[in-house]
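Have the sequence and the 3D view open as you read.

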Amino acid sequence: MKKSLSKCVRQALANVWPLYGAAFAMAIGLSVLWTAMPFILRNIGGTEEHVGYAWAANMLGYLLSLLFATSMLGHLNPRHITRMAVAAMLLAILVMAVVVYHAIAHNQLNSPMLIWMMIGAGTLAGAAMSLFWPFLMSWVSADYEGTALNRRLGTYNGTWSAAAITGPLIGGVLVDMSTLGPITACIACLAICFVLLCLAHDTSAGTAAFVKPVDVVQIPFDRELLLCFRWMARVGLFCSWVCLGVSRSQFALLFTGLGFSETQFGIIITIFGIFNFLILTGSGRLSFWHFKPVLLLSAQMVLVISLFLIIFGRTLWTFVPAFVIMGSSFGFAYSSHLYYGACGSKKRSAQMATHEVTLSLGVIVGSGAGGYLSRHFGVYSPYWFAVIVLALGLIAQVIAWVVLKPEQHSQPA
């Protein structure tokens, strides 16, 4: 019996590791590229506005394509659709490489056409990405529930967030050495991701939710309480990604404008990634935080502290705690929404799509508005904008708790 159980465990691990590996390779590639993107655009003549629009356009393409993919392509096999997504992203990033090479080799810096071609290629990459993350997440979590689901999501979150630890540092170092370096590294990571997806099978994580419904162990939930926490977590996820959209796009230029290097910026974002990884992994291993409203409200409030440190800070040792706080709060907001969305849901695809739509909107608002505000109202205006968003989000969370919580409820285990 023990041998049979051990064999099953080994088989399960052997089946699922290509999916975790694909998530890691994709995450590290994107992390390298988008950490360096503000500097890549600056080096070919882009402004703060272009920097803000680049990530906003990427996520807008992701959002619009996501809405189409989940409504029209949900019946497709995730093994095939994720490979198609990676292939399309590879083509888009290759276009970026050609554009940057042409701009530098032919001394066509400050060319609006080339800058907008970069933004356009990023938009196409974002559109293709919509066929990757939601399908992969649903594939990984398809036939799990309760504590097993939490652990599964924790391992998945730990995998991609581990990539976010090393990716920014690599991106910062590479762009310090060569404008083309981060783009080349991203292409290599996407190629590895494609190979790993080819090694995966439909049974890698059980029966894929996109292919057919599965029988799972049903755990009773207070539906009204679950709805309340879903909305509180959704508000928190949106606000945290607004902060990320601002900090990952505009702070790069502010930081180097204060005399710091691109490599040091990579280190700062690596610190963010370390604490994001710790919280995501810890949340997947522990369950004491489930259905505790004060933790969702607290995560929202401490994000404001990180923004104040950025606004009033001028030294590296002021910015480090800012990104420690932001990484921790961001990780908790992400884990919370992913868990409350997935638990008690028979069809995971819709909840995963909602998760991705919410964070996409956060980036579009944060990065897009941040670029515009920085260009026209000063380099610190995006962070004050984010503070206002967080304050409104906190009010919305309180309203959701007051209005949606049931009169009497028992917290699920």
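Below we go from the whole chain to its helix packing, its aromatic rings and one glutamine.

## The ground rules

This is a predicted model, where local features need pLDDT of at least 70, side-chain atom pairs count only at pLDDT 80 or more, and totals for chains, interfaces and linings use all residues. Residues are numbered from 1 along each chain as its sequence is written, and side-chain values use heavy atoms, with hydrogens and water left out.

## The whole chain

What is the chain's secondary structure made of? It comes to 13 helices and zero strands. Helices (H or I, at least four residues) and strands (E, at least two) are DSSP runs, numbered from the N terminus.

Of the 413 residues in the chain, 59% are buried. Here buried means under 20% relative accessible area, exposed means over 50%, and partly exposed is in between (1.4 Å probe, protein chains only). Now for contacts, meaning heavy atoms within 4.5 Å: among those between residues at least 6 apart in sequence, 87% join residues at least 24 apart.

## How the helices pack

Two packed helices are described by the angle between their axes and the distance between the axes. Axes are lines fitted to C-alpha atoms, for helices over the stretch in contact, and angles run from 0 to 180 degrees between N-to-C directions.

Take helix 10 (residues 293–312) and helix 11 (residues 316–342): their axes come within 8 Å and cross at roughly 150 degrees. That makes helix 10 roughly antiparallel to helix 11 (angles under 35 degrees count as roughly parallel, over 145 as roughly antiparallel, 65 to 115 as roughly perpendicular and the rest as oblique). The contact includes Leu295, Leu296 and Ala299 of helix 10, and Thr318, Phe319 and Pro321 of helix 11. By class, this contact has 17 nonpolar, four polar and no charged residues. Ala, Val, Leu, Ile, Met, Phe, Trp, Tyr, Cys and Pro count as nonpolar, Asp, Glu, Lys and Arg as charged, and the others, Gly among them, as polar.

Helix 11 also packs with helix 9, at an angle of about 35 degrees and with the axes 7 Å apart. The contact of helix 9 with helix 11 has 16 nonpolar, seven polar and no charged residues.

## Rings that pair up

How many aromatic pairs turn up in the whole structure? The search finds 28. Rings of Phe, Tyr and Trp (its six-membered ring) pair if their centres lie within 6.5 Å; planes under 30 degrees apart count as stacked, over 60 as edge-to-face and the rest as tilted.

Phe255 and Phe265 have ring centres 6.1 Å apart and planes at 50 degrees, so the pair is tilted. Phe255 sits in helix 8 (residues 223–257) and Phe265 in helix 9 (residues 262–285), 10 residues apart. Phe255 is buried at 0% relative accessibility, and Phe265 is buried at 0% too.

Buried or exposed? Phe308 is partly exposed at 33% relative accessibility, while Phe312 is exposed at 58%.

## A glutamine in helix 10

Gln300 is found in helix 10 and counts as buried, at 2% relative accessibility. Not counting residues up to four places away in sequence, Gln300 touches Gly236, Cys239, Leu390, Gly393, Leu394 and Gln397.
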